[in-house]
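Please look over the sequence and the structure shown below before reading on.

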Amino acid sequence: MSQDNKSEKGKFKLERIALFLIPIGIAINFIGGQIAILLKLPLYLDAIGTIVVGALCGFVPGIIVGLVSNILNAISSPVTLFYAPLNIAFGIVAAYLSQRYWFKSVWKTLLSSLIFAFIGGGIGSLITWVVYGFDFGTGVSAMFSIPLHEKLGLPKYFAQFLAEFTMDIFDKVLTVLASFGILHAVPTRFLAKLPLGHIYIKDSDKALEAEASDFDD
Amino acid sequence: MAAIELKDVSYRHPYTKESALKHITYTFEPGKFYGVIGENGGGKTTLCNLIRGLIPHFYKGRLKGDVLIDGKDIRDWVLSDLSAKIGYVFQNPFTQISSIKSTVFEEVALGLENLGVPKDEIISRVTTVCEQLKITDLIKNDPNELSGGQKQRVAFASILAMDMDMMIIDEPTSQLDPEGTEDVFSIIKLLKDQHKTIILVEHKIDLIAEYCEEILVMSNGRLAFSGPTHEVLGNPAIMEVGAMMPQSAVFGHAMKAAGKPLQQIPINQAEAVEFVNARKEHYGN
Amino acid sequence: MDTTFIESFKSYQKTGNFWLDLNPLTKLSICSAFAMSALFMMDWRYGIPLSILCCIVVALAGKFKEFFQIYGKLSIILIVFIMIVRQLGTRPENVTPLINVFGWQWYTESFKAAWDTASFILGFSGAFLVYFITTPMRDLMYTLEQKGVSHETSYIMLAAMQNIVDLRKAATTILDSQKSRGIETEGNIIVRAKAFFPTLGPLLLSAFTGSEEKLIAMDARAFSVKGNHTFLRELEPITPKENILIFLAWAIALATLLSKIIPAVMRAVTK
């Protein structure tokens with residue numbers, strides 16, 4: 001009998017252990033950025049927690065990690081609130097791909113980085129576009145988007161889209177690799193308690209289950 | 001009615017080959033003070049998790065045998081009802097701090113808030129418990145910024161405040177210095193005087209000898225020895241399964257081996273002195 | 001024993017400052033209303049005074065330093081960036097020259113557009129920032145729980161904030177000790193990226209698996225017990241006076257919305 005409990009809307013049932021993993025996932029999102037800065041990498045790395053929790057616990061926990069991370073970020077930069085759909089989307093996509101065993105193979109994981117970059121960079125650029133008054137936004141992407149528009153004659157929005165998408169790929173590649181590393185390092189005993197954990201249990205451990213004695217020891 | 005009954009209980013964690021508990025049969029009576037000793041990995045904590053209901057409600061895996069709490073099968077209990085009935089202080093003080101309260105006073109009050117205790121009663125109970133555990137000068141502090149020893153006291157206080165009839169206490173003094181350990185044990189004695197059912201897991205064998213009425217020795221998932229304190233702690237066989245004998249008992253056996261047996265194997269200093277004096281009086285040596 | 005501290009729990013928590021003592025939901029409502037009004041107006045003549053108003057409110061609440069540390073940085077970066085970006089490239093609407101910056105011609109149209117956007121963001125951010133600086137999260141969570149939000153939600157918000165602090169500290173400790181041991185935190189990008197994983201893998205993993213013990217610990221505190229919770233630390237419910245303030249704030253927001261919609265409708269109708 002699993003101990004389910006409802007979230008505040010009463011619509012979704014949240015597994016107990018997922019409830020306690022969510023704050024950890026949020027914290028991991030926050031230190032991703034801090035570490036990137038310390039290691040002098042020009043990246044955000046702020047979705048690792050969302051992806052790992054989404055992959056191990058499912059849609060609702062993944063969404064909550066993304067959304068709450070977004071709200072907490074908004075405390076120091078309220079404009080971030082407009083980007084909430086991105087974080088929510090990361091959680092959803094992570095759960096979806098995890099259920100289809102994408103994160104079990106390195107190659108598919110790397111492929112998923114394109115999807116995440118499309119959301120983060122691509123859809124992100126759409127939000128930036130609207131927020132900054134239907135024009136180029138601030139940020140490093142302007143360095144690329146403006147020349148793309150001026151020199152290559154690409155339409156304004158398309159230039160922005162391309163610039164942000166490309167820049168986000170590097171960030172997301174590292175993000176998914178880190179997530180992959182974590183997913184495959186979580187001990188079996190813990191995976192056994194997570195809703196989608198069984199996906200990542202090694203076959204050798206699964207064999208132990210079959211071998212185990214029937215208490216006549 | 002017995003407080004907790006275990007009948008031929010075995011348990012295996014998922015995806016493991018070895019069972020963590022093997023064919024345990026024991027009865028815990030209400031109001032008694034039990035000590036659980038044994039080497040690390042022997043199953044002490046697993047036993048605690050079982051009694052507390054975490055096995056099977058949180059730890060999935062294969063559970064065989066019957067576990068009855070107050071006559072009701074553990075599988076029929078809801079975990080939240082058990083947490084209102086059995087207090088649990090466990091080893092790691094760092095994770096026992098809730099991280100959602102900003103002062104120690106509120107931290108200790110958390111369990112009472114969850115139980116729906118009226119505010120005035122919360123205030124008086126928390127105040128009392130803070131005095132008992134000597135953390136009154138910490139009540140305004142941030143519980144997340146305390147030292148390991150301080151956290152352990154706060155964690156203990158938090159469960160103590162909930163005033164349950166049954167308590168499982170798993171190595172509550174691991175982070176404490178001798179003085180802190182004495183403080184905690186004097187509180188445990190208080191609990192004993194209140195006739196609460198206590199199950200204490202400890203390595204500090206001399207303290208276990210001081211307070212416990214019955215001892216369980218866990219080894220390799222099995223209940224290797226059990227019985228009244230004197231019987232178990234005086235038995236040198238327990239050392240073969242990794243349990244330690246109190247110094248006084250070692251001394252008692254040494255006396256026996258030297259041909260000068262005492263009336264009984266002492267298990268604490270007071271007894272040792274008493275028996276030695278008695279022997280001197282009787283035999284003159 | 002600090003008896004004043006203990007006694008303080010017997011009554012509603014108050015600081016003595018008018019703005020700080022307002023109910024968290026009141027403040028949230030007021031700040032949201034003003035943030036929305038900045039969005040509706042999208043005009044520097046509204047956005048700038050609003051930003052200044054935010055600074056004044058925060059100063060009166062005694063939190064100006066914390067506020068400005070964030071707001072000041074945000075403002076400068078935002079304004080400079082937008083100014084520059086808007087002046088880059090050839091834009092058909094730019095006809096009125098403004099000033100010449102070392103041979104680079106700046107135009108009034110872009111200048112105004114930049115200020116309109118910048119001041120919307122500043123007004124919006126300012127309003128929300130005022131809220132967050134002057135309202136501890138636990139107070140907001142308390143009021144939400146009073147309204148029926150589950151204490152699981154409270155747990156998530158508050159535990160997340162503490163976990164961030166804890167994990168940051170732990171990560172900094174590890175990275176510092178690794179640096180002193182000479183692990184490659186200098187060097188080219190690939191090297192640095194590689195250094196990322198082994199340094200922090202164990203930390204992230206133990207944070208993860210630690211959630212199991214956290215679950216047990218919270219369960220031991222009767223976290224999952226059904227039934228009504230009581231509260232040690234209480235805040236005063238929303239007063240009628242506060243309701244008036246909320247109404248006024250949203251009235252202003254509505255006015256700004258109408259000030260944009262009505263002329264637009266009129267223009268469409270008279271075409």
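**A walk through chains A, B and C**

Helix 3 of chain C and helix 6 of chain C are roughly antiparallel to each other, a label given to angles over 145 degrees, where angles under 35 degrees count as roughly parallel, 65 to 115 as roughly perpendicular and the rest as oblique. The axes of helix 3 (residues 24-41) and helix 6 (residues 108-134) of chain C cross at roughly 170 degrees and come within 7 Å; axes here are lines fitted to C-alpha atoms, for helices over the stretch in contact, with angles running from 0 to 180 degrees between N-to-C directions. Among the residues that meet are Phe34(C) and Leu39(C) from helix 3 of chain C, and Phe120(C), Phe124(C) and Tyr131(C) from helix 6 of chain C. By class, this contact of helix 3 with helix 6 of chain C has 12 nonpolar, two polar and one charged residues, where Ala, Val, Leu, Ile, Met, Phe, Trp, Tyr, Cys and Pro count as nonpolar, Asp, Glu, Lys and Arg as charged, and the others, Gly among them, as polar.

This is a predicted model, in which local features need pLDDT of at least 70 and side-chain atom pairs count only at pLDDT 80 or more, while totals for chains, interfaces and linings use all residues. Residues are numbered from 1 along each chain as its sequence is written, and chains are lettered from A and ligands numbered from 1 in the order in which they are written.

Chain C is divided into domain 1 (16-135 + 236-253) and domain 2 (145-220), with bounds that come from an automatic or database domain assignment. Taken over C-alpha atoms, the centres of domain 1 and domain 2 of chain C are separated by 33 Å.

Chain A has nine helices and two strands, these being DSSP runs numbered from the N terminus (H or I, at least four residues, for helices; E, at least two, for strands), and along the sequence they follow the pattern β-β-α-α-α-α-α-α-α-α-α. Of the 217 residues of chain A, 50% count as buried, meaning that 20 or more other C-beta atoms, placed from the backbone, lie within 10 Å of the residue's own. In helix 2 (residues 48-57) of chain A, 10 of the 10 residues are buried, so this helix is largely enclosed by the rest of the structure. Just after helix 2 of chain A, Gly58(A) takes a positive phi of about 110 degrees.

Where chain A touches chain C, the contact takes 50 residues from chain A and 52 residues from chain C, two residues being in contact if their C-beta atoms, placed from the backbone, lie within 7 Å. Helix 1 of chain A gives the most to the chain A side, with 16 residues, and that side divides into 34 nonpolar, 10 polar and six charged residues.

Chain C also meets chain B, with 37 residues of chain B in contact with 33 residues of chain C. On the chain B side, helix 5 of chain B gives the most, with eight residues, and the classes come to 17 nonpolar, 16 polar and four charged residues.

Within chain B, four strands form an open antiparallel sheet in the order 2-1-4-5, where two strands pair if DSSP finds at least two bridges between them. Strand 2 (21-28) and strand 5 (72-73) of chain B stand at the edges, each with a single partner strand, so one side of each is left without a neighbour in the sheet. Two bridges join strand 4 (residues 62-69) to strand 5 of chain B, and Leu68(B) has Asp73(B) as its bridge partner in strand 5 of chain B.

Methods: A residue is buried if 20 or more other C-beta atoms lie within 10 Å of its own, exposed if 12 or fewer, and partly exposed in between; C-beta atoms are placed from the backbone.
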